[in-house]
Structures are given as C-alpha cells and as structure tokens.
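This report examines selected local features of a predicted model. The sequence and the structure are shown below.

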Amino acid sequence: MTAPASGQAMGYGRAPHRLVIVETHPIQYKAPLFRKLAAVPELDVTVLYAMEPSPVEQGAGFGASFAWDVPLRTGYRSELLENRARHPSVTTFRGCDTPGIARRLRELRPDAVLVNGWVAKTCLQALRACRRLGIPCLVRGEANLLRPRAAWKHLLHRLLLRQYAGYLAIGSANREFYRFHGCPEERIFWVPYVVDNDFFATQAAACAARRAEIRAGLGVAPQATVFLFCGKLQPKKRPLDLLRAVGQLPADCRARAQVLVAGDGELRAECERVARELGVATAFAGFINQSRLPEVYAAADVLVLPSDAGETWGLVVNEAMASGRPAVVSRAVGCAADLVLPGQTGEVFELGDTAALAGILTRYLREPALAARQGTAASRHIQSFSYQQVIAGILTAVQTCARGARC
C-alpha cells in the first residue's frame, strides 16, 4: 500500500493534472470533499454526474421523498451527463446509462479518471472509454472479503480489476480485497472513507447545552441511556437486532434504556411491532435530513450498527465518533477494523448475536461513565480519518498513475 502523503510538488510552472471524477449522482458525503479538491493547486477537477435524482428518486429506500438540505453541487466544477436509462435510478445497475461519457472524456482530455467502483453501468462505461482513449482509470470501490462469494465471482473481479491503473482503498477490508485479487501493492493508495469531522465536532459542542431540549423534541426520556440506530430501515442494516438485544436486557437495565431510531424504510412497521411486543422503549424520529443529524447524535449516548456485510463501510460511525459518541457494530460492517477499537472507541459483536449485543449494552447501562469515556477516545481516533488524508491519497494516486507518468 502506498502510504498517505501530502503530495510532492509538481514542479515550477507545470500545469495541474486534469482529473475527472465520475459519480452516479450528487452525494451529501462527497460534496465537501469535491469542494476541497477544487482548491488543490496541483489538480484541475471536473465531476461528471450520471443523474441528479428527483425527491422521489432520492428517497428510494428511505421510505419518504426528500431533497438534501445542504448544497451538493456548489464550490466545484460539475456537469450532468445525459442519462438514457429507461428507468433512471441510483439504486440499480442499469439506472445510470450514459453512453455519451466517451465523447465527453475525449473533449475534456483528462490525465486521469476516478470512478466509484462498478456498481452502475456508467462506471463501466467510463472504464471502457478510458481504455479506448488511453486514459488511466482509478477505482475507489467498496468491495471487501467480509461477504462470502462464489469462485466465479472472484474470477470476474480479478479480470475486471486488471483494467484499472490504480486502486483507492477506502479502508483495511477494501485494501485486502485488492490484495487478494492480485492488485500491485504500489498501485493501492490509502484513501479512506471520511466525513466532515470539523462540522460534526463543532455542532456537537453547540448542541451539548441543548441536549435536554433536543431529547424532548425527539421523544427521548431525559435520564435514559439512549442507543441510536441511524440509517435506512432495511434488511441489510438489521435494525431488529438492536430491538431484540434491548428486549433481552436484565429488567433493571431495560428500565433505563431507550432506542432512538433515526431513519425510515421498509422495516418501519415491523420495527414498531417488535418494539411494542418486547416492551422496548423506542422513539421513532423518522427520516432526519443532513443539517439535523448533529442533534440526533447529541441526543444519543451510543451508536449501534448491527448491519451485515452489505454495509461495506458505515459512514454513520464516522459521524457518531466525530460527534463524540462510541459505536457498537457487528464484525461484518466494513469500517469495524479501522474505526471501532474494542474497549476504546466502542465494541464489536458477531453478526446476528443479539445475546452478545445485549451483554455489551448492559455494560454501558451499568457503567454510566463508559460511553462518555469511549466517546472522547472515538473523537480523537476519527481525526486520523480526515479529508486531508483523502486529498493526499488522491493526489498521490493521480501523480503516480496519470497519463505520461510511470505506474
């Protein structure tokens, strides 16, 4: 793995490398990064989007139509490609179909192209165009080895990965995926998944004085120890595991525990039913837009993410830690090895083991200072997963693999 670096000087008077980033749609986590990349003098960045979802399309999986309440296309150069998909979507492979990307790349003449994995047709169209035009294509996918795969899928991945010039690892599990498939070590660059740590830390401090008020507004009891589930209520995130774990707590602990569910989706009705049947005190806050997320973390004591291996990272863990909250995650969650240091920044448990999860939650309930202590450690640890690291990794990858450079 190429170690993170600040990026070496390009040389006096040398033009910046032209980098095109290909994305399916504007994403709230990536817009701040693109704004920062636009300010890097060694890079000339253009972002190409396959589509800009309507509120209905954006709400797929959330259980509600919505538009993000933070700007997603300001502060950097971006373009919208023509999406010819019969049913435009950001959640299906064929939902982003942009054959015109080859012509646009020929016009832009970038030194390198960065694509977000191979989850959409647009990503593979970009790769194909790069191969035809002789442009190095860098990939920043999310795949890892935490999910078992058939041998033929590994073979397909190996053949596909040979087509890229460089590999941007979002975390340790993703890096091992590239290594397993024979990607050269010198072309694997450390570019971890991050959020705006400063934003969440600042907002956490601002919300601290209003915690009682925020809790009341979310329907959370003033003195309860609050375990937060934040995300779509869908099978891969396994929100029912948290409710069932709380249902297994000793009576004295259950009386002081409350679950805060910030999210919506297909499992909402079932979650409400299970909570009632098990007698688990639960506040369902529904979908929470980006600007209000800091209030949710302020109201909580511990984030719990019980997801299966479909959770290839889990950026809510970054957010919670930046807000000074520890995280409890299953070992199948992609970020577990990097962010959750057992006994320090949170805890881990085996996927689906609700008894083990209940044991972890019991410790938080019986040791009132534990969550705060781990939250402080979490806020320190997450500082090493920052935009500065990502920018340095991207810059090093581009300088190494750009057209005309040896890779």
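**Helix α6**

Helix α6 spans residues 172–180, and its buried residues are Ser172, Ala173, Asn174, Arg175, Phe177 and Tyr178. After α6 comes Gly182, which has a positive phi, near 80 degrees.

**Cysteines**

The structure contains 0 disulfides. Cys207 takes part in none, its nearest cysteine sulfur being that of Cys230, 14 Å away. For Cys271, the closest cysteine sulfur also belongs to Cys230; at 14 Å it is too far for a bond, because a disulfide requires the two sulfur atoms to lie within 2.5 Å. Cys207 is buried, with a relative accessible area of 2%, and Cys271 counts as buried at 1%.

**Ala257**

Ala257 is located in strand β9, which covers residues 257–262. With a relative accessibility of 5%, Ala257 counts as buried. Apart from neighbours within four places in sequence, Ala257 contacts Thr225, Phe227, Val246, Leu249, Ala281 and Leu365. Cys401 lies 144 residues from Ala257 in sequence, and the C-alpha atoms of the two are 52 Å apart.

The relative accessibilities of the individual residues discussed are collected here.

| Residue | Relative accessibility |
|---|---|
| Cys207 | 2% |
| Cys271 | 1% |
| Ala257 | 5% |

Each of these values falls in the buried class, because buried means under 20% relative accessible area.

Methods: Residues numbered from 1 in each chain as written. Predicted model: local features only at pLDDT ≥ 70, side-chain atom pairs only at ≥ 80, totals over all residues. Heavy atoms only, no water. Buried < 20%, exposed > 50% of the residue type's maximum accessible area, 1.4 Å probe, protein only. Helix = DSSP H or I, 4+ residues; strand = E, 2+ residues; numbered from the N terminus. Contact = heavy atoms within 4.5 Å.
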